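Subject: Structure handover

Hello,

Here is the structure for your files. My notes follow below it.

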Amino acid sequence: MNADLRVLISSSLLQMKQSFSRSMFKFCMVVYPLLYGFTLYMLYKDHDREQIISYVMLGSAVSSLWGTISFSSAGDINRERFMGALEIIFNAPSRFMIIMLGKVIGNTILGTASMIISIVFIVVSFGVPFTLADPFLFAIIFIIGILSFTAIAMLLSGLLTISRSTAVLMNCLDYPILILCGVAFPISVLPQWTIPFSYILSPTHFLILGRMCVKGISDYNLFSYHLLWLIGLTFLYTLLFLHFYKVIDIKARQHATLGVI
Amino acid sequence: MKRFFFQSYISFKALFGWLNLEAYLLIKIINPLLQILFFSILSKYVFQTDNIAPWIIGNSILLSTKNAIYGVGKVLVDERNMGTLKLIVASPGSNFLIFAGRGFMHIFDALITVTVGLLVGFLFFDFSIAMSNLFLFAVAILISLYSAMAIGQVISCLGLVYRDIHMLLNVSEYLLIILTGASFPISRLPLFLQGFSRFLPVTRGVEAARMLTSQYDLIVLLKLLTQEFFIGSLYLFAGYFSFKLLENLSRRKASLDMY
């Protein structure tokens with residue numbers, strides 16, 4: 001097996017085990033989807049099934065995945081730093097970025113499980129079937145979306161390595177994403193000036209595309225338009241995180257402050 | 001009483017001593033601001049109405065639960081972690097005043113957050129309250145904050161016996177969001193949960209504050225506020241007696257500082 005792949009797998013497995021030992025992660029992964037899904041369902045209770053699937057199920061699924069990523073992937077750097085392991089990981093014979101990517105993949109796998117928990121909870125508790133008009137396209141969107149979330153998580157972890165003040169910002173990332181990406185309501189209800197901000201966030205397009213698949217795609221041009229945005233942004237985030245990890249590599253050697261709290 | 005105020009102040013200062021101004025502003029001003037924006041937009045969309053005053057009031061008061069849960073709810077665990085819990089227990093001063101004092105300053109700190117929430121409503125969602133009702137509105141908010149801090153005291157005792165403090169705090173926050181009727185009408189909850197809502201603090205305070213945005217019956221309003229105060233006090237005493245119970249247990253088992 002390729003050495004990088006082996007590192008990737010063992011790093012993800014270790015990350016999943018470590019994450020499960022933290023109560024905050026257990027909350028984000030298991031309890032949060034239930035409570036958030038319940039809250040959204042109570043709000044959307046008298047709306048039609050399509051809206052419940054679009055805003056309650058997809059909304060709570062995406063916010064659960066986001067919670068897992070923002071609180072864990074981004075926080076991992078800080079945890080390693082506090083445990084004094086950041087320099088060790090950085091100086092390991094394997095590439096730092098590959099180890100971090102493994103961690104993010106581990107979190108994304110658990111985050112995907114969290115998405116499934118939130119959907120299953122609504123289906124089982126309230127008897128709302130999860131039906132899709134275009135399941136095949138949804139599966140494709142889902143895979144691209146997961147890749148996009150992985151890229152975001154890598155970007156966040158890179159930012160956190162470079163700037164310590166990002167740690168404080170991380171705690172305030174939840175609501176801007178929930179608002180700007182239209183997790184629980186369509187972005188059309190937001191003021192016009194916020195739309196460009198929504199558009200540069202890939203979860204916005206992931207949700208729009210997901211909702212199109214729930215409803216049935218009537219306008220394929222619009223579908224392609226958002227799909228291109230989703231793919232383009234994922235590509236852009238990937239380029240950015242690759243760049244950040246190069247900057248980290250240089251800065252860590254220049255300033256020797258990687259492990260400084 | 002002088003000691004009570006001093007203790008409250010010192011305890012509050014110690015809890016937030018690690019925070020700098022930047023972190024305080026982000027956590028206490030920016031995050032609540034975003035939370036209220038999120039729930040206001042959501043309520044406006046879901047209920048398809050321009051009059052979202054009830055939801056702005058409910059969610060603003062609900063912001064105080066951040067103080068109640070993450071501030072007051074963690075206070076005893078923090079004391080234990082810092083090694084000062086045994087000093088509180090052994091203190092010759094009134095244990096009740098020391099216990100109650102741990103939540104006192106949070107009422108005023110939470111008031112800042114609630115005001116931020118209401119200001120967001122005023123600036124972005126045309127929320128207003130008649131000048132003539134302003135005093136009663138402030139009383140309703142203060143009583144709600146008092147009872148919110150009281151449930152924080154109960155949670156802080158639970159934190160001494162339950163190891164998974166983060167889980168406890170986060171679940172408590174969401175349960176208050178769900179069960180107090182601040183974010184959606186209690187009538188939407190399953191029947192068995194509606195019963196729980198009536199025994200929770202904040203529920204009646206939110207209901208009373210909401211009444212002040214339209215025509216209201218003063219007798220009903222005062223009754224709700226009295227009940228809210230009574231429930232808050234009940235939680236405060238329940239917290240105190242739990243604390244004493246744990247103190248007795250720890251004296252017997254010598255496990256006060258163990259976690």
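Q48(B) sits in the loop between α2 (21–47) and α3 (53–82) of chain B. Helices here are DSSP runs of H or I, at least four residues long, and strands are runs of E, at least two, numbered from the N terminus. The phi of Q48(B) is positive, about 50°, although the residue is not a glycine. Most residues other than glycine have a negative phi. Q48(B) counts as exposed because it has 8 C-beta neighbours inside 10 Å. The cut-offs, with C-beta atoms placed from the backbone: 20 or more others within 10 Å is buried, 12 or fewer is exposed, in between is partly exposed.

This is a predicted model: local features need pLDDT of at least 70, side-chain atom pairs count only at 80 or more, and totals for chains, interfaces and linings use all residues. Residues are numbered from 1 along each chain as its sequence is written, while chains are lettered from A and ligands numbered from 1 in the order written.

Now α2(B), which Q48(B) follows. It bends by about 30° at I30(B), and P32(B), a proline, follows within four residues. The bend is the angle between axes fitted to the seven residues ending there and the seven starting there.

D126(B) also has a positive phi, about 55°, and is not a glycine. Its loop lies between α5 (95–124) and α6 (134–161) of chain B.

On confidence: pLDDT (the predictor's score per residue, 0 to 100) averages 85 in chain B, with 96% of the residues at 70 or above. The complex gets an ipTM of 0.88 and a pTM of 0.87.

Best wishes
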